[in-house]
Amino acid sequence: FYKELLQSGKPFSFFDHYEFNQELLAYYKSLKPNYSLNIFTMSHIQDDPNSKEVIGDIFDQIFSAEDLDVSKTNPSSYGLIAEKLGKDPSEILFIDDQSSNIEAAQKAGMSAIQYKSVDELREKLIALIHG
């Protein structure tokens, strides 16, 4: 949709169309001092100045499947992301709301959590960290 808005050539207000999950971002921000946080996304919405203003200080790197010419449902994409991060896939925890992306990340050797709610994510992360 973001690409369509840009291609229309008509001016638009970012926040008329998009809303950030502030609770989730606050939780990620609380993790930032201890962990490297990165995004693997489908497209370019993160490049919008409004988006950068909200997420820019939370995430270290943002990878776009479109820029990398890969699919988030292909396990080799996660190997590429791990390589770009200088990590073995087994050192990475991937969080996504799409089960197909979770499965691809796991096939690549990453641990993965399917996002459903901030509370559930918090519980699963605590279990991983202390389990």
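Eight aromatic pairs are present in the structure, which is a predicted model. In one of them, the ring centres of F1 and Y18 lie 6.3 Å apart and the ring planes meet at 55°, so the pair is classed as tilted. This pair joins distant parts of the chain, 17 residues apart: F1 belongs to the segment before α1 (2-8), and Y18 to the loop between α2 (14-17) and α3. F1 counts as exposed, at 54% relative accessibility, whereas Y18 has a relative accessible area of 19% and is therefore buried, the cut-off being under 20%. A further pair, F14 and F20, is stacked, with 6.1 Å from centre to centre and 25° between the planes. F14 is buried, with a relative accessible area of 2%. Through ring pairs, F1, F14, F15, Y18 and F20 are linked into a cluster.

Charged side chains also sit over aromatic rings. The charged end of K72 is placed over the ring of F40, 5.6 Å from the ring centre. R122 lies over the face of Y27, at 4.7 Å from the ring centre.

Helix α8 comprises 13 residues (residues 118-130), which at 1.5 Å a residue should span 18 Å; the C-alpha atoms at its ends are 18 Å apart, in agreement. V118, L121 and L125 of α8 are buried. These residues cover an arc of only 60° around the axis and therefore lie on the same side of α8. An α-helix has 3.6 residues a turn, so residues three or four places apart point the same way. The buried residues of α8 pack against α3 (22-31), β3 (93-96) and β4 (111-114). E123 and H130, on the other side of α8, are exposed.

Notes:
Residues are numbered from 1 along each chain as its sequence is written. This is a predicted model: local features need pLDDT of at least 70, side-chain atom pairs count only at pLDDT 80 or more; totals for chains, interfaces and linings use all residues. Side-chain values use heavy atoms; hydrogens and water are left out. Helices (H or I, at least four residues) and strands (E, at least two) are DSSP runs, numbered from the N terminus. The expected span of a helix is 1.5 Å times one less than its number of residues. Buried means under 20% relative accessible area, exposed over 50%, partly exposed in between (1.4 Å probe, protein chains only). The arc is that of the directions from the helix axis to the C-beta atoms. Contact means heavy atoms within 4.5 Å. Rings of Phe, Tyr and Trp (its six-membered ring) pair if their centres lie within 6.5 Å; planes under 30 degrees apart count as stacked, over 60 as edge-to-face and the rest as tilted. A charge sits over a ring if NZ of Lys or CZ of Arg is within 6 Å of the ring centre and within 35 degrees of the ring normal.
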